[in-house]
Amino acid sequence: MLSIIKTRLKQGCRTIKFPDRGFPLPKNYLGKPVIKKCSKCQKCQTICPVSCISESNNGISIDIGKCIFCRKCFQVCEEGAIQFEKTYELAEFSRSNLIYSTEMKKQESLLNKEIKRVFGRSLKLRQVSAGGCNACEADCNVLETVGWDMGRFGIQFVASPRHADAILITGPITKNMELALKKTYDALASPKLVITVGACAISGGIFAESSEVLCGVKKFYNVDLYIPGCPPHPATILHGLLKLIGKISE
C-alpha cells in the first residue's frame, strides 16, 4: 500500500489544465482556415475529395462542416491563399458559421441563457454512433480518461437516453441506424439538446455521395452545437461542450 501511495505522489496530477493552451497539439494539426484573395485557379476545388471548397466574391470559401482536413488544398495552393491556424476552438452554434471565406462575417453566436440555466451545472450525454468509423467516437471516449476528465465540469456520458440531457451524434446516419437514432432521440426527456460531432454527422463527410447514408443530422433534428473535424481533436470537442453550457466564452 505504501509503495502505491509513493508511486501516485511521484506521478503527480495527470489531468490536463483546460482551457489552458499549454498542452501540445499534434505537429500536423490544422485548425481554423485563413483565406486570402486568390486568382480562382480552381486547383483546390478540383482536388478537394469532399467538395467543401467553392467560389466566393473575392476568392474561395471553405465549409469546415464538410472538410476532412486532408491538407490537399493547402498543398496544391501555389499562391498561399489557404492557410490553417493551429487552434482547436472550432465549435459553433450556427451551421453558417462553419463556412470561412475572405469576406467572412460570422453571425453572432449568443449563448442560450436557458441552456446555461438548465444544463450549466450538469450535462448528461447519450452518444450514438450512427454509422461512424469509430474515430470521432474514440476522441469522445478519451474525454472520460484521467488525462481529460470532463466529469470535473459536470459533463458525463450515460448508458440510457432516459438519463440524458443531450444526444451526441457521430457518423453520417446510415439507413440502418435511422430508426435507432430516432428512438434514442425520442427517449430523451424534454428539454433536450442535439450535438453533432465530426464532418459525417454534420454533412455526411466522405460518405456524402453514398446512397446508403442520409448525410447528416440537420435535416432531421434542430442542432444546438456543431463540432467539426475528421475526427475533431478532444480539445475541440470539450471546448464546444463547455461553450454550449456557458462555462467558457468565445
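Okay, let's start with a lysine: K192 lies over the face of Y185, at 4.2 Å from the ring centre. Before I go on, keep in mind that this is a predicted model. There's another charge over a ring elsewhere, where the charged end of K243 sits over F93, 5.2 Å from the ring's centre.

Back to Y185. Which ring does Y185 pair with? That's Y221, and the pair is tilted, with 4.4 Å centre to centre and 35° between the planes. Y221 is buried, by the way, at a relative accessible area of 11%.

The count of aromatic pairs comes to five. Another one of them is F18 with W148, and that one is edge-to-face, 6.3 Å centre to centre with 65° between the planes. It links distant parts of the chain: F18 is in the loop between α1 (2-11) and β1, W148 is in the loop between α5 (135-141) and β7 (155-157), and they are 130 residues apart. Both of these rings, F18 and W148, are buried.

Now to β9. Is strand β9 buried or exposed? Five of its five residues are buried, so β9 is largely enclosed by the rest of the structure. In a regular strand, side chains alternate between the two faces of the sheet. Here both faces are covered, with L193, I195 and V197 buried on one side and V194 and T196 buried on the other.

And what does β9 pair with? On one hand there's β8 (residues 166-170), which runs parallel to β9 over four bridges, and in that pairing L168 has I195 as its bridge partner. To get from β8 to β9 the chain goes through α6, and this β-α-β crossover is right-handed. Then there's β10, also parallel to β9, over three bridges, with T196 partnered by Y226.

I195 comes up again in the core. In soluble globular proteins, nonpolar side chains tend to be buried together. The largest nonpolar core in this model has 69 residues, and L125, I155 and I195 are the ones with the most contacts inside it. Helix α8 gives the largest share, six residues. If you click on I155 and skip its neighbours within four places in sequence, you'll find it in contact with L123, L125, M150, L241, L242 and I245.

Last topic, the backbone. Most residues other than glycine have a negative phi, and most peptide bonds are trans. So where are the cis bonds? One joins S190 and P191, with omega about 0°, and P191 is in the loop between α6 (178-187) and β9 (193-197). Another joins C230 and P231, with omega about -5°, and P231 is in the loop between β10 (225-227) and α8 (234-244).

For positive phi, look at Q42, near 70°, in the loop between β1 (33-35) and α2 (43-47). Q42 counts as partly exposed, at 36% relative accessibility. S51 also has a positive phi, near 55°, and is in the loop between α2 and β2 (53-56). With 52% relative accessibility, S51 counts as exposed.

Okay, that's my tour.

Methods:
Residues are numbered from 1 along each chain as its sequence is written. This is a predicted model: local features need pLDDT of at least 70, side-chain atom pairs count only at pLDDT 80 or more; totals for chains, interfaces and linings use all residues. Side-chain values use heavy atoms; hydrogens and water are left out. Helices (H or I, at least four residues) and strands (E, at least two) are DSSP runs, numbered from the N terminus. Buried means under 20% relative accessible area, exposed over 50%, partly exposed in between (1.4 Å probe, protein chains only). A nonpolar core is a set of buried Ala, Val, Leu, Ile, Met, Phe, Trp, Tyr and Cys residues joined through side-chain atoms within 4.5 Å. Contact means heavy atoms within 4.5 Å. Two strands pair if DSSP finds at least two bridges between them. A crossover is right-handed if, with the strands pointing away from the viewer, the path from the first strand over the helix to the second runs clockwise. Rings of Phe, Tyr and Trp (its six-membered ring) pair if their centres lie within 6.5 Å; planes under 30 degrees apart count as stacked, over 60 as edge-to-face and the rest as tilted. A charge sits over a ring if NZ of Lys or CZ of Arg is within 6 Å of the ring centre and within 35 degrees of the ring normal.
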